[in-house]
Amino acid sequence: MEPRQHQAPTRPIKLPHEQPVAEMVAEMTEPRGIPVMRRIGLGSTRLTLEALKRGEIDLYPEYTGTGSAMLELAPTPDAESAMPLVRERFAPLGLSWSDALGFDNGYGLAMLRERADLLDISSYSDLAQHSARLRLGVDNEFRPRPIDGLQPLLRRYGMTFAEIAEVPVVDRGELFEQVLDGRIDVVLVHETDGQIDAFDLLLLDDDLGFFPTYDAALLYRDAATTAHPALSGVLDQLAGALSIEQIRALSRRVSLRGEDPRQVALDELVRFALIDGEATEPKRQALELAVSLSANADGEASKVLRALRRSFPARNVQLLRSPDPLGAVEQGSAHLALVSAPAFFAPGGVDPETGPPPLRPGVEAVALVGTSYLQAFALDAEISRLEQASFIATGPEGSSGYRAAQSIIDGLGLSSELLPVEGDTPDALAEALVESAADATILMQPSAFLPRSPCLSVAYR
């Protein structure tokens, strides 16, 4: 590899600091004797393109679908035709597109997986049927887009949301906090967002093909490659080098773990063997918060995450979903747990002299942050009390629902047998009632997730 040159022989290449991809270009370009000036926070896509046309920057990561939309061209879902089209239309502007980087960073609509499963929503058409009572969150750049923006999307699917929340594009991260809080039900995402996996969001299917292809590439001024011929070699090396999974992983490191985008880019380039060196270990020690669905009645998980990140700014705070969060703490895979109250109790009969069941050992401190609800339901109209149920389905062993059921059986002196099943949602337990020998089911759930199927509620003493 050629030695790094610090003296600028010509005008420096200027890059907007949008994501680790731009840093990859910078880190591969500088050792070739090309000075690089990083530009941070240029603003919207339109402003960035105008800066490129004026020569204020020389190169930035862009997407074929966005390029078409900025020229108000009809959406092109065909990936093979999208790139030739934008290349043809941008050429008169003195701008060129590199070969595709290997990932599609399209827009998408996502929901918390449990919420989507509850409403049986997996596609945009499904969403349209429920949209009148749901809330959508978008950024202010998406709303005015004339081709692939908010209004064309709503018209295409006939969506009429009860409320549309909007945040500045630079504050897109707030939308994920809002969906965790329950302030919105549906969130506009980019497919590379690390939060999709981290927060277990379900990316809905654009079943009518509204959004075009958004193949990632590098949009650059022809004058830049003329002045710095070595830049073309950098663009060639990055062609097809990045997958959607890799970009999401990089995004998680930057947006969720708070790592330096430049160091993240360097680590990835070393891993690709595109530059020499050794990948570094993240300097921020992880702080894991284990959480179950039943303990997230009113978005407490998001509130606790924000509080932890404020209190421990030097730590990498992450969310870990677990049916038994306290078990995760005991096993050492998490440091804190957000659980429903029954999880704190060790199952066992209530002693008239000592009172409630003993507390689960190993808990150092407890803070009350919200409320969840104990639910019981059955499919058989003849079953009206738990005493009539020989078999009761619950969530996985160790979950709050499972422990609550154990305590109820012991406390009421029932002879019922528990049938733990995978999943801790109304749908999973309703399916267990149909497919197993269970007569009833018990679970801990927030009120928003109560079953809306024709299940009958049962009472207990």
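Student: Where does Leu127 lie?

Tutor: Leu127 lies in helix 6, which covers residues 124-130. Helices here are DSSP runs of H or I with at least four residues, strands are runs of E with at least two, and both are numbered from the N terminus. Before going on, please note that this is a predicted model, in which local features need pLDDT of at least 70 and side-chain atom pairs count only at pLDDT 80 or more, while totals for chains, interfaces and linings use all residues. Residues are numbered from 1 along each chain as its sequence is written, and side-chain values use heavy atoms, with hydrogens and water left out.

Now, is Leu127 buried or exposed? Leu127 counts as buried because its relative accessible area is 0% (buried means under 20%, exposed over 50% and partly exposed in between, with a 1.4 Å probe and protein chains only). Leaving aside neighbours within four places in sequence, Leu127 is in contact with Leu109, Met111, Ile121, Leu134, Met159, Phe161, Val186 and Leu204 (contact means heavy atoms within 4.5 Å).

Leu127, Leu109 and Met159 touch the most other members of the largest nonpolar core, which has 53 residues. Such a core is a set of buried Ala, Val, Leu, Ile, Met, Phe, Trp, Tyr and Cys residues joined through side-chain atoms within 4.5 Å. Beyond the residues up to four places away in sequence, Leu109 touches Tyr124, Leu127, Leu136, Leu153 and Met159, together with Val186, Val187, Leu188, Val189, Leu202, Leu203 and Leu204. Another core lies apart from this one and has 24 residues, including Val179, Leu201, Leu289 and Leu305. In soluble globular proteins, nonpolar side chains tend to be buried together.

Next comes the sheet. Leu109 stands opposite Leu188 in strand 8, and strand 5 (residues 107-112) and strand 8 (residues 186-190) pair in the antiparallel sense over four bridges (strands pair if DSSP finds at least two bridges between them). An open sheet of five strands holds both, in the order 7-6-8-5-9 and with mixed pairing. Its edges are strand 7 (163-167) and strand 9 (201-203), each of which pairs on one side only.

The structure holds nine aromatic pairs. Phe90 and Trp97 are both buried. Ring pairs also link Tyr107, Tyr124, Phe142, Tyr157, Phe210, Phe211 and Tyr214 into a cluster. Rings of Phe, Tyr and Trp (its six-membered ring) pair if their centres lie within 6.5 Å, and planes under 30 degrees apart count as stacked, over 60 as edge-to-face and the rest as tilted.

Tyr63 stands opposite Ala216, Ala217 is the bridge partner of Glu62, and Ser96 stands opposite Tyr220. In strand 3 (residues 59-63), five of the five residues are buried, so the strand is largely enclosed by the rest of the structure. Leu59, Pro61 and Tyr63 cover one side of strand 3, with Tyr60 and Glu62 on the other. Strand 10 is mostly covered as well, with six of its six residues buried. Ala216, Leu218 and Tyr220 point one way from strand 10, whereas Ala217, Leu219 and Arg221 point the other way. In a regular strand the side chains alternate between the two faces of the sheet.

Val234 is in helix 11 (residues 230-238) and counts as buried because its relative accessibility is 0%. Val234 and Val25 are 209 residues apart in sequence, yet 6.9 Å apart in space, C-alpha to C-alpha. Besides Val25, Val234 touches Met28, Thr29 and Arg32, not counting residues up to four places away in sequence.

Finally, zoom out. The protein has 17 helices and 18 strands, and 51% of its 461 residues count as buried. Of its contacts with a separation of 6 or more, 74% come from residues 24 or more positions apart.
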